[in-house]
Amino acid sequence: MTTRYTKSHEYVRVEGGMGVVGITDHAQTQLGDVVFVELPPIGQRLSKGDEAATVESVKAAAEVSAPVSGTVVEINGALADSPGLVNQDPTGRGWFLKIELSDAAEVDSLMDEDAYRAFLQAAS
Amino acid sequence: MSASLSAAAAIGELACTPLYNLHRALGARLVGFAGYAMPVQYPSGIVSEHLHTRARAGLFDVSHMGQAILAGPQAVRRLETFVPGDIAALAPGRMRYTQLLDAEGHIRDDLMVTRLPDEAGRERLFLVVNAATKVVDFAHLAAELPDCALIVLNDRALLALQGPKAAEVLRRHVSSAAAESVSAMPFMSAKSLQWHGVLLNISRSGYTGEDGFEISIPATAAPGFAQELLDEADVRPIGLGARDSLRLEAGLCLYGHDIDNTIGPVEAGLMWSISPRRRAEGGFIGYEQVKWAIDHGPSRLRVGFLPEGKAPAREGAGIAALDGQIIGRVTSGGFAPSLGRPVAMGYVDAAHAAPGMGVCLIVRGKPLAAKIVPMPFVPHHYFRGG
């Protein structure tokens, strides 16, 4: 299983030809208490960088960009009633959507965990 | 992820309040607000801070706000020429919420005015104004009232202790002789009390809808006093994030958002702050426009909204009638932690302002069903005595 990260703090975890997309622990910490997540309809085609979801904390709304291109095949329905899962378990039960990758090579252009850690260090 | 809330990169260019080091020690996330490095939240987060304030007591640093004393033989009548509030009716130790108006009857700022005891034949008023407007406000008043002295209190911090446990906590930190008088203070009254030989100017007021106090204290004594309050099990530090969600639930206006220099007090729903005498007599700048709005009804009104569902509608969202016609816009909105759902306030055409009416709030291009409701969203718990 490969997990890759964007500079805008999304992750994509590749499972087979599928990517599980969410926001990183750093992102949820920065946002604070998440109170609402708007997810795209299943079947929506996204290009890398497209707005894929919106996450609302008490203080602010943030756009979540698609880290890779593909088609949305599943969304995390649990977030409708429990948006706090994004804070509690951002890379586990707080995932946003699953995307069928249209270009698996895109994944390699993203940061791996070490690179993302270094990126966070440099930014802080 | 791109958020509008970005950490203040240039925090070094910001002014600090006397509690800056305490905020850092408490692990606050600091952001730039009105030129100050201010805590937006502490590690426990906005929702937990908000709920703690409603359940027990929260300590807020509001030292960025402007404090001044206006003094002069006719200070009361002179200030009344700029505000619609009934300042002359204030006995010493009583306070009032009012607005500084401009010649169009629009709101330059909103403020708290406390009547202090006269001193050497001079009437004295203690003013607390908004941080972002304080420099302009004080320059304006000083220039327009040359017969009064305006003493800007840059050397004082301002703390707010808010919540149902606030009185119980505060009385433990004043002399035993003063403890009873703290508990007995009614909402919108003020007193000077000693804390370890330091003079505190305390008012029973706040911006959360809860019982509580605002405490003006010399800057040098503020960190010690704040720490002493925070050592109480009932008290936690609260940031600007929860301050905003608390005041939104309480239906209170935030200057620069819900009211500004394009909006008058009548349409803002602040008629309650203009006494019958002032409505009838006028004698303040912008009176003609305010009187017209009172007599004819304003063309738009500030109202509250309860959106259906969980998506918050924030400042700037359009408001549409059910036929699709745009009738206004949201000026404040967000998640209400005490209600577990979003709330909003904004202005709509007066014809569409009746409680119970259905509207749509336009969030990211999509209409969100909502209902107009009376405010506050969460009942006030002010201490009225008894």
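This note goes through a predicted model, beginning with chain A and ending with chain B.

1. Overall make-up of chain A. The secondary structure of chain A comes to four helices and nine strands, and reading along the sequence gives the pattern β-β-β-α-β-β-β-β-β-α-α-β-α. The radius of gyration of chain A is 13 Å, close to the 14 Å that the globule rule gives for 124 residues, so chain A is as compact as a globular protein of that length. The C-alpha trace of chain A spans about 35 × 35 × 20 Å along its principal axes.

2. Burial and contacts within chain A. Of the 124 residues of chain A, 45% count as buried.

3. Six strands of chain A form an open sheet with antiparallel pairing, in the order 1-2-3-9-8-5. Strand 1 (2–5) and strand 5 (45–46) of chain A stand at the edges, and because each has a single partner strand, one side of each is left without a neighbour in the sheet.

4. The hairpin of strands 1 and 2. Strand 1 of chain A pairs with strand 2 (residues 10–15) of chain A in the antiparallel sense, over four bridges, and A:Arg4 has A:Val12 in strand 2 as its bridge partner. These two strands of chain A form a hairpin with four residues between them, and in the turn A:His9 has a positive phi of about 75°.

5. The hairpin of strands 2 and 3. Strand 2 of chain A also pairs with strand 3 of chain A, again in the antiparallel sense, and here over six bridges. A:Val12 has A:Val21 in strand 3 as its bridge partner. The hairpin of strand 2 and strand 3 of chain A has two residues between the strands, and A:Gly16 takes a positive phi near 70° in it.

6. From strand 3 to strand 9. Strand 3 (residues 18–23) of chain A is joined by four bridges to strand 9 (residues 97–101) of chain A, and the two run antiparallel. The residue that stands opposite A:Val21 in strand 9 of chain A is A:Leu97.

7. The contact between the chains. In the model, 21 residues of chain A are in contact with 20 residues of chain B. On the side of chain A that touches chain B, the elements that give two or more residues are helix 1 (25–31), strand 4 (34–38), strand 6 (51–57) and strand 7 (61–65) of chain A. Strand 7 of chain A gives the most to this side, with four residues. By class, the side of chain A that touches chain B has ten nonpolar, five polar and six charged residues.

8. The domains of chain B. Chain B is divided into domain 1 (18–60 + 156–249) and domain 2 (299–373), and their centres, taken over C-alpha atoms, are separated by 32 Å. Seven residues of domain 1 of chain B are in contact with six residues of domain 2 of chain B. On the side of domain 1 that touches domain 2, the elements of chain B that give two or more residues are helix 2 (46–55) and helix 8 (240–249), and helix 2 of chain B gives the most, with four residues. The residues on this side of domain 1 of chain B divide into three nonpolar, two polar and two charged.

9. Helix 4 of chain B. The buried residues of helix 4 (residues 134–144) of chain B are B:Lys134, B:Asp137 and B:Leu141. Seen down the axis of helix 4 of chain B, these buried residues fall within an arc of 65°, so they line one face of the helix. On the other side of helix 4 of chain B, B:Ala139 and B:Ala143 are exposed. The buried residues of helix 4 pack against several strands of chain B, among them strand 5 (66–72), strand 7 (107–119) and strand 9 (149–152).

10. A buried loop residue of chain B. B:Val83 lies in the loop between helix 3 (75–80) and strand 6 of chain B. B:Val83 counts as buried because 27 other C-beta atoms lie within 10 Å, where the cut-off for burial is 20 or more. Leaving aside neighbours within four places in sequence, B:Val83 is in contact with B:Thr98, B:Gln99, B:Leu100, B:Leu101 and B:Phe284. The C-alpha atoms of B:Val83 and B:Leu100 are separated by 4.9 Å, although the two residues are 17 residues apart along the chain.

Definitions and conventions
Residues numbered from 1 in each chain as written. Chains lettered and ligands numbered in written order. Predicted model: local features only at pLDDT ≥ 70, side-chain atom pairs only at ≥ 80, totals over all residues. Contact = placed C-beta atoms within 7 Å. Nonpolar A, V, L, I, M, F, W, Y, C, P; charged D, E, K, R; others polar. Pairing = 2+ DSSP bridges. Buried ≥ 20, exposed ≤ 12 C-beta atoms within 10 Å, placed from the backbone. Arc of directions from axis to C-beta. Rg over C-alpha atoms; globule rule 2.2 N^0.38 Å. Domains from an automatic or database assignment.
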